[in-house]
Amino acid sequence: MAVAAPHAMVTTGHPLATEVGRTILQQGGNAIDAAVAVAFALTAVLPDAGNIGGGGFIVYRDARGAVSALDYREAAPSGATRNMYLDAAGNPTDRSITGHLSAGVPGSVAGLYEAWKRFGKLPWATLVAPAIALAEGHPIDADRSHSLADDADRLIRFPASAAQFLVDGRAPAPGTMFRQPDLARTLRLIADSGPDVFYRGRIAELIVAEMARGGGLITRADLAAYRPKWRTPIQVDYRGYAVYSMPPASSGGVTLGEILNILGGYDSLPPFGSTALLHLETEAMRRAFEDRNRWLGDPDFVQMPLERLLSKSYAAQLRAQIDPARATPTPPFEAGAPGGTETTHYSIVDADGNAASVTTTLNNSFGSAVTVTGAGFLLNDEMDDFATAPGKPNMYGLVQGESNAVAPGKRMLSAMTPTIVLDPQGRLFLVAGAPGGPRIITGVFNAISNVIDHHMSLAQAIEAPRLHHQALPDTMMLERGGFPPAVIDSLRAMGHAVREWGYHALVMGIERGPAGWIGVADPRSGGSAAGY
Ligand code: DON
């Protein structure tokens, strides 16, 4: 799964999107040009996650060393209310997961255009063109056929989704020519008029009409008001390496930073796979996720003590609480306190050394399952990333508080962790990220630590079995079959609830190689790497 090339590299969740990225780079496009072209291509070939109806985050480092972070996360519609997803008894419903009410105002088209306006080189229409060709028709692959089969019962509830993605109510067989004429038309409009047509023009009309059809909340004013936002990237030092990642509205960078700060205070870590290492990592993850779940939310709505949370002195306090011999139970969550893989990540380095780390999502597979009639794209179900019922678990089992409660115009907290790491000489060293809900954060942590602490190649680091802990549920999740029974027994004896699991974050990364770049697509995924 590792591919080496001297000049430039791209790794994405779908081989056809990877090819689009490589072609743009070979035509003289830079990393942002390739990122934009890949994003649109993923909409056509990976509709489970690739999107124009969702949102995402870009961490970008230019060859001169300036790092920026772009937030084009979806926002709650102006009609959203705190308890909109609760039933009469106060319990969460699935209205935040499937159907029109689950959709936030999409950010992708605005975000991609903003990134291109600031950093792109090739003409906008050139970047959308490959996606138009893919939307006009490409043979569907086996992974897509399977994922459509898995979600056919959700998609069939919405006629435009059934018409676009299913054949007689079933997933198309691998090899079937997959034609999406409505999407091709939408992409042509976006190629010609940029985001205006999406947020104010013809596509906006179709989105609002779709909302009327299914009782959704997104209005013309919500679309017209949407803006992507440049944020200050999170930066932490880990053993001399500079780690840059996404700040809120994603929790990715802060949570990853806390884990690294806690573990970076030990002179060295115990060997890979040992009971002692898994214990320390769990205790660091637990504490970082406790803070995440309590404090973090949209920075335009909540105050967060980010400086304190990311300070080395605070990490030292947390480290001092770790008992090397016993698990610390996660305290019950006080909700009143302040405070399928269906996302996709791609990493790009161009021939000048500019790097883009991009994660984008519809939230779960095929998002809300609602296709905008006549426009040919799926809407997200990102509203479920809010604490729809503070103190109760969401789709990913995350238990979160008021900081992430629903409010009009607010961005729901994400776990997406697009990350860039520099080596101690200040050179670009790693570009990485993943889909996988909260497991993204720990998946990216595992990959970085495996390279820096355990001296693995990126390919080994990504392939190595993983550990995930998110404070609540208070369960250590170990990748099934990855760790010997004796290690698991000794972790249980230390007081850890251990569960073996098969749900992976799919890490897509690039590392500096001896002569150029090495791209690695997680072997658990159907993705690919290619360079030149
Ligand atoms: O933003 C988030 O954290 C989630 N919406 C990501 C969902 C995800 O990664 C699902 N895919 N496996």
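Is Asn363 buried or exposed in this structure? Asn363 is buried, because its relative accessible area is 3%; buried means under 20% relative accessible area, exposed over 50%, and partly exposed in between, with a 1.4 Å probe and protein chains only.

Before I continue, two remarks on the source. This is a predicted model, in which local features need pLDDT of at least 70 and side-chain atom pairs count only at pLDDT 80 or more, while totals for chains, interfaces and linings use all residues. Residues are numbered from 1 along each chain as its sequence is written, and side-chain values use heavy atoms, with hydrogens and water left out.

Let us stay with Asn363. Its place is in the loop between β11 and β12; helices (H or I, at least four residues) and strands (E, at least two) are DSSP runs, numbered from the N terminus. Although Asn363 is not a glycine, its phi is positive, at about 85°. A polar side-chain atom of Asn363 also lies 2.7 Å from a nitrogen atom of the ligand; a polar contact is a pair of N or O atoms within 3.5 Å, and within protein one must be able to donate a hydrogen and the other to accept it, with residues adjacent in sequence counting only if both atoms are side-chain atoms.

I turn to the ligand. It is surrounded by 17 residues, the closest being Thr343, Asp385, Ser414, Ala415 and Gly437; a residue is near a molecule or strand if one of its heavy atoms lies within 4 Å of it. An N or O atom in the side chain of Glu382 is 2.7 Å from a nitrogen atom of the ligand. For Ala415, a polar backbone atom is 2.7 Å from an oxygen atom of the ligand.

Next, the largest cavity. On a 1 Å grid over the protein atoms alone, a cavity is a set of points where a 1.4 Å probe fits but cannot get out, and lining residues have an atom within 4 Å of a point. The largest cavity holds about 130 Å³ of space; grid points are joined across faces, edges and corners, and a volume is the space filled by probe spheres set on the points. Of its 18 lining residues, Asn363, Asp385, Tyr396, Ala415 and Gly437 lie nearest the centre.

Leu413 counts as buried because its relative accessible area is 1%. Ser414 is likewise buried, at 2% relative accessibility. Contact means heavy atoms within 4.5 Å. Leaving aside residues up to four places away in sequence, Leu413 touches, among others, Arg73, Ala249 and Asp385. With its neighbours within four places in sequence also left aside, Ser414 is in contact with residues including Phe57, Arg73 and Ala249.

Ala249 brings me to the peptide bonds. The bond from Pro248 to Ala249 is cis, with omega near 20°, and Ala249 sits in the loop between β9 (241–245) and α11 (252–264). A cis peptide bond also joins Leu472 and Pro473, where omega is about -5°. Pro473 is in the loop between β14 (467–468) and β15 (476–479).

I close with His455. This residue, which is not glycine, has a positive phi near 55°. His455 lies in the loop between α15 (439–452) and α16 (458–463). Its relative accessible area is 67%, and His455 is therefore exposed.

How values were computed: On a 1 Å grid over the protein atoms alone, a cavity is a set of points where a 1.4 Å probe fits but cannot get out, and a pocket is an open set with protein on both sides within 12 Å along at least five of seven lines; lining residues have an atom within 4 Å of a point.
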